[in-house]
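Biologist: Please show me the sequence and the structure. I have some questions about them.

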Amino acid sequence: KALDSNTIGSANTANGYDALQANTTGYNNSAVGHDALYNSTTGHKNTALGTYSLFYNTTGNDNVAIGNDALYSTQTGNYNTAIGVAAGSGTASNSFSNNVLVGYQTGYVLTTGSNNILLGYKAGNNLTSGANNIVLGYDIDAPSATSANTLTIGNLIFATGVDGTGTTLSSGNVGIGTTSPAYKLDVVSSTTTGGLGVTASSVTTGTGASMVFNGLTGGVGLK
């Protein structure tokens with residue numbers, strides 16, 4: 001039954017068979033759907049809309065799961081937003097936090113990976129423990145299951161060292177056509193010619209930029 005175990009939990013809404021069934025002291029939760037927030041005991045300020053959404057959450061707070069099986073496995077994670085069927089479904093007996101997951105099966109096998117932004121059908125559905133990644137596009141994977149601090153847009157634009165917060169600039173590089181950019185801007189052609197690398201942030205001498213050829217790839221660096 002919905003809210004069957006509730007003791008002093010307050011301001012909860014449960015609509016659906018066994019929704020918030022295990023809640024004891026959790027408060028300000030909303031669960032709509034069969035077994036939504038089923039295992040949550042003391043978690044608070046969670047919103048689960050859809051069958052089995054936030055099913056294994058126990059003490060996690062401030063999560064939003066919209067869609068059947070959304071945020072299904074995470075247990076103690078906080079501040080996740082998942083929109084889409086099986087978005088952030090995750091891997092059993094694991095928890096993650098601070099993810100924004102939008103699209104069918106985004107972040108589908110996450111274990112402990114946190115602070116990710118995944119947008120698009122199956123975006124980043126290979127990530128497990130990878131953290132601080134941005135993946136945008138239809139069926140686009142992160143560079144690896146454990147990638148950290150990367151950007152991937154449509155398998156064309158990539159970045160590493162995406163580590164800035166607030167107004168702090170990230171330390172990494174941006175690549176077009178390469179997943180491992182070596183310059184602040186690294187452009188790699190699919191042919192034997194082309195490619196652009198920018199290796200310095202400014203010119204302080206006033207003499208202009210010098211040109212450097214980048215090995216056998218035919219790339220040009222501005223330095």
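Biologist: Is Val-85 buried, partly exposed or exposed?

Modeller: This is a predicted model, in which local features need pLDDT of at least 70 and side-chain atom pairs count only at pLDDT 80 or more, while totals for chains, interfaces and linings use all residues. Residues are numbered from 1 along each chain as its sequence is written, and side-chain values use heavy atoms, without hydrogens and water. Buried means under 20% relative accessible area, exposed over 50%, and partly exposed in between (1.4 Å probe, protein chains only). Because its relative accessible area is 41%, Val-85 is partly exposed.

Biologist: Where is Val-85 placed?

Modeller: Strands are DSSP runs of E with at least two residues, and helices are runs of H or I with at least four, numbered from the N terminus. Val-85 lies in the loop between strand 5 (81-83) and strand 6 (100-102).

Biologist: Which residues does Val-85 touch, not counting those up to four places away in sequence?

Modeller: A contact means heavy atoms within 4.5 Å. On that basis, the residues touched by Val-85 are Gly-67, Asn-68, Gly-103, Tyr-104 and Gln-105.

Biologist: What separates the C-alpha atoms of Val-85 and Gly-50?

Modeller: The two residues are 35 residues apart along the chain. Their C-alpha atoms are separated by 8.5 Å.

Biologist: Is Ile-157 buried, partly exposed or exposed?

Modeller: Ile-157 sits in strand 10 (residues 157-159). Since its relative accessibility is 31%, Ile-157 counts as partly exposed.

Biologist: How many helices and strands does the protein have?

Modeller: Buried residues make up 39% of the 223 residues in the protein. Its secondary structure comes to zero helices and 15 strands.
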